[in-house]
Amino acid sequence: HGKDHVGLLLFSDIIEEYIPAGSSLSHIHRIMERVLGYTPKKSKTDISHALQHLLAVKKSDAIVFLISDFID
């Protein structure tokens with residue numbers, strides 16, 4: 001209800017999917033479908049690559065939640 005923008009970055013050792021921030025209800029549904037149905041294409045993780053990509057595409061200040069097993 002606050003019209004906050006939400007995006008999604010799914011990664012392994014590559015960027016597997018990036019959905020830019022948006023705030024519509026259909027956008028949120030798309031993000032939830034991707035999160036719930038996500039299966040990584042690779043078994044390795046490169047958190048630094050994902051964070052560098054995030055810094056390159058972000059347009060303003062943001063709060064980032066990083067969910068990972070942190071096995072990098």
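**Exercise 1. Decide whether A50 is buried or exposed, and place A50 in the chain.**

Solution. Step 1: A50 has a relative accessible area of 3%. Step 2: buried means under 20% relative accessible area, exposed over 50%, and partly exposed in between, with a 1.4 Å probe and protein chains only. Step 3: A50 is therefore buried. Step 4: A50 belongs to helix α2. Step 5: the C-alpha atoms of A50 and S12 are separated by 8.2 Å, and the two residues are 38 residues apart along the chain.

The model is predicted, so local features need pLDDT of at least 70 and side-chain atom pairs count only at pLDDT 80 or more, while totals for chains, interfaces and linings use all residues. Residues are numbered from 1 along each chain as its sequence is written, and side-chain values use heavy atoms, with hydrogens and water left out.

**Exercise 2. Describe how β1 and β2 are joined.**

Solution. Step 1: two strands pair if DSSP finds at least two bridges between them. Step 2: β1 (residues 6-11) and β2 (residues 15-22) run antiparallel and share five bridges. Step 3: L8 has I19 as its bridge partner in β2, and L9 has Y18. Step 4: a hairpin of three residues leads from β1 to β2.

**Exercise 3. Find the salt bridge and say which parts of the chain it links.**

Solution. Step 1: a salt bridge is a side-chain nitrogen of Lys or Arg within 4 Å of a carboxyl oxygen of Asp or Glu. Step 2: the count by this rule is one. Step 3: the pair is E17 and R34, at 2.7 Å from N to O. Step 4: E17 lies in strand β2 and R34 in helix α1, 17 residues apart, and the pair links distant parts of the chain. Step 5: E17 is partly exposed at 22% relative accessible area, and R34 is partly exposed at 31%.

**Exercise 4. Identify the residues closest to the centre of the largest pocket, and the element that gives the most to its lining.**

Solution. Step 1: on a 1 Å grid over the protein atoms alone, a pocket is an open set of points where a 1.4 Å probe fits, with protein on both sides within 12 Å along at least five of seven lines; lining residues have an atom within 4 Å of a point. Step 2: the largest pocket holds about 1300 Å³ of space. Step 3: its lining has 38 residues, and G7, L8, L9, V64 and F65 are the closest to its centre. Step 4: β1, β2, α1 and α2 (47-57) each supply at least two lining residues. Step 5: β1 gives the most, with six residues.

Technical notes
Helix = DSSP H or I, 4+ residues; strand = E, 2+ residues; numbered from the N terminus. Points joined across faces, edges and corners; volume = space filled by probe spheres on them.
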